[in-house]
Amino acid sequence: MMVAQPLIALVGNPNAGKTALFNALTGARQKVANYPGVTVERKSGRMALNDGRPVELVDLPGAYSMVPDSLDETVTRNVILGQQEAQRRPDALIIVVDAGNLDNHLRFTLEVIALGLPVVVALNMIDLAERDGLTISAEKLSAELGVPVIETVAVRKRGLDELRDAMAALSANAGGNHELTAAPTDDRKVINARARQIAKAALISETAGRQWTRRVDSILLHPLAGPLILFGLLFVMFQAVFAWSDAPIGWIEGAMEWLGGIVASAIPEGLFQSLIVDGMIAGVGSVVVFLPQILILFLFILILEASGYMTRAAFVMDRLMAHVGLSGHSFIPLLSSFACAIPGIMATRSIMDQKERLTTILVAPLMTCAARLPVYTVIIGAFIPAQSVGPGIGLQGLVLFVLYLSGILGAMLAALFIRKGITKSIGSSFMLEMPRFQMPRLRDILLGLWQRAWVFLRRAGTIIFAASVILWALLSFPNVPEDSDMTQAEYSIAGRIASGIEPAVRPIGFNEDIALALIPAMAAREVAVSALATANAIDDSGDEDEVAQTLGQRLAGKWSLATALAFLAWFVFAPQCVSTIAVTKRETNGWKWPIFMVTYLFALAYVAAGITYWTAVYFGLG
Amino acid sequence: MQLEQLPLRQKRRIASIDWSLISDSEGHRLRSLGIDEGAQVEALHRGIFWGRDPLAIRVGRMTIAVRRKVAAAIICEVEAA
């Protein structure tokens, strides 16, 4: 008979160090998925107890209370109560509390203990509490709470053996199906007073510790220095995306060329060779090349999050965002959207105000996501000279910065119109815990980077791979006759579709190349680049000189500067990403808002590209 | 005295909160964060740009950002020794 492995859930306030404890207990044996129907991430992993018994561990979203304020907290509550769809109720819970913040973390602990499930409390970050001058007695805390309390330091793997022993004892006691002995209570006054009282009882001594978080905050939250530091940091981040990625991009390009060469010499010339080299390798390769830039961007975001700076950035931005009906809460999802709008939109679940949340979802696709970088990089590399316009500031980086800025300004204006025109009020609220500063752990950052890289490569291997192969087929058939003066790309099915679309986009300066790239780019923006690469690769088979040229060089020879700039302006706004549209539908429970989003963004893209094109032509760049 | 007007770095006890000045969800979140009658608070930093909004306050050992509008609903008193 199969006996299901015991399921143990990690619960606790945000910033209790839950995820670090989860990483320490499960190592790299983790699975990240979504709860069905909601876009809240479900992280689970396997671990072995000290006697070798396997246990499934699940990391629940941080919660302040069993009475939820946000979607995140709703999921945590439902899982604990066994009411979450397709998720069995945990057999036992580990409540993670920050030892340096006991009176605040004990409230949720008390609410959970009151339910009567088997629990153990992990008194986490005990080292930081000691550094802050606090001496806390785990025994006293255990006596007050009536449940086992284990001291842990997740990031140093301290106390893990003891915690595993306590878990073994729990699952032995649990003996199958424990019934909830009480419904969740929300008598805040009683709970808050009791939490303060227990925290006091468990505290043995308190000396004035180092208060460097406060000192650092007086600089980072300074009315003048704070914004300057934030904008400086963002500028460095975007420059680094270009400056640090040169070498690794060269390696990937070299590897792709080498691979193409091997395949070309191993497979006889013909249709099949063209499918592999022009379709698969050129298509997927032109996108995988951007992995370094995407990882650099995520590296910055992960470090900002892990160090605790992200909430300070939210503090600095709150007032500014209040003007357009958003708040510091929206800043965090919007900054994540610079990497990808999908995690960005998912991060809106922590926003309390529902109108503010909807607005944030609708403008998130305007943040310049990593998928636009391939498009921007190819076009900027081909048309903008690599010259310096000041110490440490390159013209290419500056143009990129302007593109990012356009997206931000567009988002702010769109938010204002949405709040005034649709939700009819621009009220928002902002209440956010700002955790202690912490040195980000290399291991946790690397794990996060690996998960992001994997998602990107999986996309490249599926959506982009499929789009590349289909596009290759559409471009390769029918074969252009020997005596025709048309190129293969023009003569093909894809070329004919493109000439059908071209009249609609000609007024904004687009040519047939672009018309051809726009359709498959609905799947994902970066497909525009692989589409251009595949179309050009098919066209110049045979001409040795042209094959040696990069995509950028080929485009620079064919497009005017005005067209290139219009193409960039289009991609600042155009909602060309099926995944974003799908996640918006799921998050807003229907088609109304995704349809609204797609419509207004395409309209903006068309107008912006048109204005850019005709302005450039006016200045003689056409 | 309203927390909103409290000079920085002065510890006070929350005497009362005027729940009618803030929304239900703000009220619930305030209480979940431990901001209610009897808690010790201190204003740490004042915000950015014009308006000096929001405020960073300390409750127990936690730093929380709140807007001035909410801070104005929190009435503080000097703690009895």
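α9(A) gives the largest share of the lining of the largest cavity, four residues; helices here are DSSP runs of H or I, at least four residues, numbered from the N terminus. This is a predicted model, where local features need pLDDT of at least 70, side-chain atom pairs count only at pLDDT 80 or more, and totals for chains, interfaces and linings use all residues. Residues are numbered from 1 along each chain as its sequence is written, chains are lettered from A in the order in which they are written, and side-chain values use heavy atoms, with hydrogens and water left out.

So what lines the largest cavity? You'll find F235(A), F238(A), Q239(A), F242(A), G397(A), L400(A) and F401(A) there. Two elements give two or more residues each: α9 (225–243) and α18 (395–421) of chain A. A cavity is a set of points, on a 1 Å grid over the protein atoms alone, where a 1.4 Å probe fits but cannot get out, and lining residues have an atom within 4 Å of a point. The volume comes to about 30 Å³. By type, the lining splits into five nonpolar, two polar and no charged residues, with Phe and Leu counted as nonpolar and Gly as polar.

Now hop over to S560(A), in the loop between α25 (551–558) and α26 (561–573) of chain A. S560(A) counts as buried because its relative accessibility is 18%, and buried means under 20% relative accessible area (1.4 Å probe, protein chains only). Its side chain makes a polar contact (a pair of N or O atoms within 3.5 Å, one able to donate a hydrogen and the other to accept it) with the side chain of T563(A), at 3.1 Å. Beyond its neighbours within four places in sequence, S560(A) is in contact with F383(A), L621(A) and G622(A), meaning heavy atoms within 4.5 Å.

How values were computed. Buried means under 20% relative accessible area, exposed over 50%, partly exposed in between (1.4 Å probe, protein chains only). On a 1 Å grid over the protein atoms alone, a cavity is a set of points where a 1.4 Å probe fits but cannot get out, and a pocket is an open set with protein on both sides within 12 Å along at least five of seven lines; lining residues have an atom within 4 Å of a point. Grid points are joined across faces, edges and corners, and a volume is the space filled by probe spheres set on the points.
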